[in-house]
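Work through the following exercises with the sequence and the model side by side, and try each task before you read its solution.

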Amino acid sequence: MENNTTTVPTVYDIPLLPASITRHIYLTEEFDTPSNYILTCQSILELEEYDQAEIHINSGGGNTSVSALLCNAMAKCKAPITCILENEAHSAASVVFLNGDSFEVMKRYQMLSSLSLYTLI
C-alpha cells in the first residue's frame with residue numbers, strides 16, 4: 001500500500017528573515033569636530049545588507065576631517081545609502097552627499113563643492 005500523504009510546512013519549518021530597517025540620519029549642522037560624529041558613524045556601520053540608510057543633508061559643510069570620517073563609514077557600510085539633499089550641501093557636506101549609492105534632490109537646493117587634489121610622495 002502506497003502512502004500518498006503530503007507534509008504541510010508549519011511555522012517552525014519556514015526560515016525567519018531578519019527585519020529590515022531604514023535608518024534616517026540628519027546632518028544639519030556645520031561639521032565641527034570629528035569626535036562629534038562617532039555615534040553617527042557607528043549607526044551607519046551597524047547596518048546590514050538587508051537594511052537601508054537615508055542621509056538627509058542640510059549643512060554648510062565645515063571640517064573636512066568630518067567628511068572623511070563619514071565617507072569612510074559609508075564606504076564600509078553593508079547597506080545601500082541614499083543621500084538626500086534637503087536644502088544645502090556646501091563644501092565638506094557636498095563630499096558626503098556625492099558618496100551616496102543613490103541620490104534625491106529636493107526642489108530648492110544649493111550645492112557648493114570645492115575640488116582639491118592631493119599628491120602622495
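**Exercise 1. Determine whether Phe103 is buried or exposed, or falls in between.**

Phe103 has a relative accessibility of 44% and is therefore partly exposed, given that buried means under 20% relative accessible area, exposed over 50%, and partly exposed in between (1.4 Å probe, protein chains only). The model is a predicted one, in which local features need pLDDT of at least 70 and side-chain atom pairs count only at pLDDT 80 or more, while totals for chains, interfaces and linings use all residues. Residues are numbered from 1 along each chain as its sequence is written, and side-chain values use heavy atoms, with hydrogens and water left out.

**Exercise 2. Find the aromatic pairs and classify each one.**

Step 1: rings of Phe, Tyr and Trp (its six-membered ring) pair if their centres lie within 6.5 Å, and planes under 30 degrees apart count as stacked, over 60 as edge-to-face and the rest as tilted.

Step 2: a search of the whole structure gives two pairs. In the pair of Phe31 and Tyr37 the centres are 5.6 Å apart and the planes lie at 65°, so this pair is edge-to-face; Phe31 is buried at 2% relative accessible area, and Tyr37 is buried at 9%.

Step 3: for Phe97 and Phe103 the centres are 5.2 Å apart and the planes lie at 50°, so the pair is tilted. Phe97 is buried, with a relative accessible area of 5%, whereas Phe103 is partly exposed.

**Exercise 3. Which residues have the most contacts inside the largest nonpolar core?**

A nonpolar core is a set of buried Ala, Val, Leu, Ile, Met, Phe, Trp, Tyr and Cys residues joined through side-chain atoms within 4.5 Å. The largest has 25 residues, and Leu27, Phe31 and Ile55 have the most contacts inside it.
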